[in-house]
Amino acid sequence: MRDEQWKEILTRNGIWLLIAAYGIVLSFITVAKYTHFLFHDFDLAIHAQTLWNILRGSAFGSVLGISFLGNHANFISFLLAPFYAVFPTPVTLLVLQTAAIAFTAYPLFLIARRTLSPRIALCVSALYLLYPGTVYTNLFEFHPTP
């Protein structure tokens, strides 16, 4: 194999290694934060109850006293409901959010690779995953937006 082919293989494996490392580390941190009662807001409770109610055919949320469709219409909750049906715990939401944020690095890598070298594109993806705003979004409970 030529040098360029090896660089491409290493870069391609590097992006998946970054995604896996981010997913594992941040999932561990968010689950530890959840199990040690370190959340200070009630957003996770709202979304966990919303999914629980969706699985039972209701859109009502007693935490806010209104239908969740009338507050913030997060239709992605309907797509998350099957995962929540299999693992009905708020931890499911935290891990799914972490996975979604982690996998966002791959399309970013592909976009950056169009105009930059593969190694620089890998660095762009790494910077995205290490960006404090990304990490804070991941650690601040669960939100369907990410």
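**What I am looking at.** I noted that this is a predicted model, where local features need pLDDT of at least 70, side-chain atom pairs count only at pLDDT 80 or more, and totals for chains, interfaces and linings use all residues. Residues are numbered from 1 along each chain as its sequence is written, and side-chain values use heavy atoms, with hydrogens and water left out.

**Overall layout.** I found eight helices and two strands in the protein chain. Both kinds are DSSP runs numbered from the N terminus (helices: H or I, at least four residues; strands: E, at least two). Read from the N terminus, the order is α-α-β-β-α-α-α-α-α-α. The C-alpha trace spans about 60 × 30 × 25 Å along its principal axes.

**Inside and across.** I looked up burial next: of the 146 residues in the protein chain, 34% are buried. Buried means under 20% relative accessible area, exposed means over 50%, and partly exposed is in between (1.4 Å probe, protein chains only). Then I turned to contacts, meaning heavy atoms within 4.5 Å. Among those with a separation of 6 or more, 69% join residues 24 or more positions apart.

**Charges.** I checked the 8 positive and 6 negative charges, and their mean positions are 9 Å apart. Lys and Arg count as positive and Asp and Glu as negative, while His and the chain ends are not counted. Each charge is placed at NZ of Lys, CZ of Arg, CG of Asp or CD of Glu.

**A helix pair.** How do H2 and H5 pack? I read an angle of about 105° between helix H2 (residues 43–55) and helix H5 (residues 90–103), with their axes 9 Å apart. H2 and H5 are therefore roughly perpendicular to each other, a label for 65 to 115 degrees (under 35 is roughly parallel, over 145 roughly antiparallel, the rest oblique). On the H2 side the contact is made by Leu 44, His 47, Ala 48 and Leu 51; on the H5 side Pro 90, Leu 93 and Leu 94 take part. The axes are lines fitted to C-alpha atoms, for helices over the stretch in contact, and angles run from 0 to 180 degrees between N-to-C directions.

**Two positive phi values.** I stopped at Phe 37, which has a positive phi of about 55° although it is not a glycine. Phe 37 sits in the loop between helix H1 (3–35) and H2, and is exposed at 73% relative accessibility. Glu 141 also has a positive phi of about 55° without being a glycine. Is Glu 141 buried or exposed? I found Glu 141 buried, at 1% relative accessible area, in the segment after helix H8 (132–139).

Thr 92 belongs to helix H5 and is buried at 10%. Ser 77, in helix H4 (residues 76–86), is buried at 4%. Beyond its neighbours within four places in sequence, Ser 77 contacts Thr 50, Leu 51, Ile 54 and Phe 68. Last, I looked at Gly 133 in helix H8, which is partly exposed at 31%. Gly 133 and Ser 58 are 75 residues apart along the chain, and their C-alpha atoms are separated by 34 Å.
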